[in-house]
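Please look over the model shown below. A short report on selected features follows.

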Amino acid sequence: MSDPIASITAFEALDSRGRPTVGCTVVTRAGARGRAIVPSGASTGSHEARELRDGGERYGGYGVRRAVANVEGELFDAVRGIDVTDQGAVDRALRQADGTPDGGRLGANAILAISVAAAEAAATTRGLPLYAAVGDGPRTLPMPMINVISGGAHAARSLDVQDFLVVPVGASTFAEAIETVSRVRAATGEVLRDGGATWALVADEGGYGPLLSSNRAALEVLMTACERARLLPGDDIAIAIDVAATQFHSPAEDAYLWDAEDRRFRSDELVDELVAWAADFPIVSIEDALAEDDWDGWRMATERLGGIQLLGDDLFVTSPDRLRRGIAEGVANAVLVKPNQIGTLSEAREVVGIAHAAGYATVLSARSGETEDHWLADLAIGWNTGQLKIGSTMRSERTAKWNRVLEIERELGGEIALARPAFAGGS
Ligand code: PGA
Ligand code: ZN
């Protein structure tokens, strides 16, 4: 069934940090509509696709009026008349119109807005929910990886490590998974309050942004919270961390600097620290253990921590080329997938395919700047990513995605199972 793109409108929307982002509606000749608003990161890698921002006075330079104009102008001209159900053709036309490897001329934010809105319109025209329209195989619900304590760029650098997350490995349904993590989150608040920590701050992704004495202390708080919630560390709940090491790596000094603890590390010393944490805590996943271009350090980390899920975010930036290099060099064993790091849904999906073919796990991820839009939840299911990282269990831009998965689980009843990543006994 062919249904050509007939019109596109766009607008300057706001993300959850109050910064502008691009919203867009694609309408087809048959009258199907698809609407999407795109996210935006703070702890971005230098190899990511480039958002187009206006500069100048408005919104401190973060305005996206030029990107919005490009959606309705050059990019619309490029996709007008293309069959909306042919996602590959739509995405190729968008990339060609931009002409740069990083999407920076017309804006990766503008390109992704059309790519996702087209997928939504295609689902509508085919009479399918988005997850069914974007997928082609047996599906699972993703195991959630949920932020409880934040540091780094998302919490005014109160801690150097960016994300302390939990994974409800003992849950047998998605609804149970979310409820289990909610218990951990509530108990963490009590532990922080009882310990006298400044605990009321809510970080960019809805987690706590406490002032603690060390990064290790955050892991200890999570363990105490699990006990208080009567959950067994390792069996019911496992820990994941996003070190986001690019953020505290100094290329000039060739060192990793933890300001909050006044410590500095070479690559091998940072790996030593993580190995020690992994020995003391039930850590199943470590993201961005080292900086985006520290390939030697990453190789060493993969050798020494290979029993753990080693997840490349700034390292791979959802780029097929960077992921292929990682696979060839035996670096990491999992990839974080953020569609706006690369620009189009087709390329993000290609990364999922490359990873799975090589035995790498995939974690679909939101950004720190999100919106009420929930297309990411459908992609996690349709693409069978196995894991989903959205932030906390509160704040509407986070819950919009969890709620969408909860809704789909309920609709599909027993037809769809919760994925078991390798660290939770799956394959
Ligand atoms: P970002 O952070 O969206 O601010 O880049 C998310 C992450 O590092 O995983
Ligand atoms: Zn990350």
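At what angle do helix H1 and helix H3 pack, and how far apart are their axes?

## Basis of the report

This is a predicted model, in which local features need pLDDT of at least 70, side-chain atom pairs count only at pLDDT 80 or more, and totals for chains, interfaces and linings use all residues. Residues are numbered from 1 along each chain as its sequence is written, chains are lettered from A and ligands numbered from 1 in the order in which they are written, and side-chain values use heavy atoms, with hydrogens and water left out.

## Packing of H1 and H3

Two packed helices are described by the angle between their axes and the distance between the axes. Helix H1 (residues 65-79) packs on helix H3 (residues 108-126) at about 55°, and their axes are 9 Å apart. H1 is therefore oblique to H3. Helices here are DSSP runs of H or I with at least four residues, and strands are E runs of at least two, numbered from the N terminus. Axes are lines fitted to C-alpha atoms, for helices over the stretch in contact, and angles run from 0 to 180 degrees between N-to-C directions. Oblique covers what is left after roughly parallel (under 35 degrees), roughly antiparallel (over 145) and roughly perpendicular (65 to 115).

From H1, Ala67, Val71, Leu75, Phe76 and Val79 meet Asn109, Ala110, Ile111 and Ile114 of H3. By class, this contact has 8 nonpolar residues, 1 polar and no charged ones.

## Val38

Val38 sits in the loop between strand S3 (33-37) and H1. Its relative accessibility is 1%, so Val38 counts as buried (under 20% relative accessible area; exposed is over 50%, partly exposed in between; 1.4 Å probe, protein chains only).

Beyond its neighbours within four places in sequence, Val38 is in contact (heavy atoms within 4.5 Å) with Thr21, Val22, Asn109, Leu112, Ala113 and Thr371. Asn109 also belongs to the H3 side of the helix contact. Val38 and Ala117 are 79 residues apart along the chain, with 9.7 Å between their C-alpha atoms.

Notes: Ala, Val, Leu, Ile, Met, Phe, Trp, Tyr, Cys and Pro count as nonpolar, Asp, Glu, Lys and Arg as charged, and the others, Gly among them, as polar.
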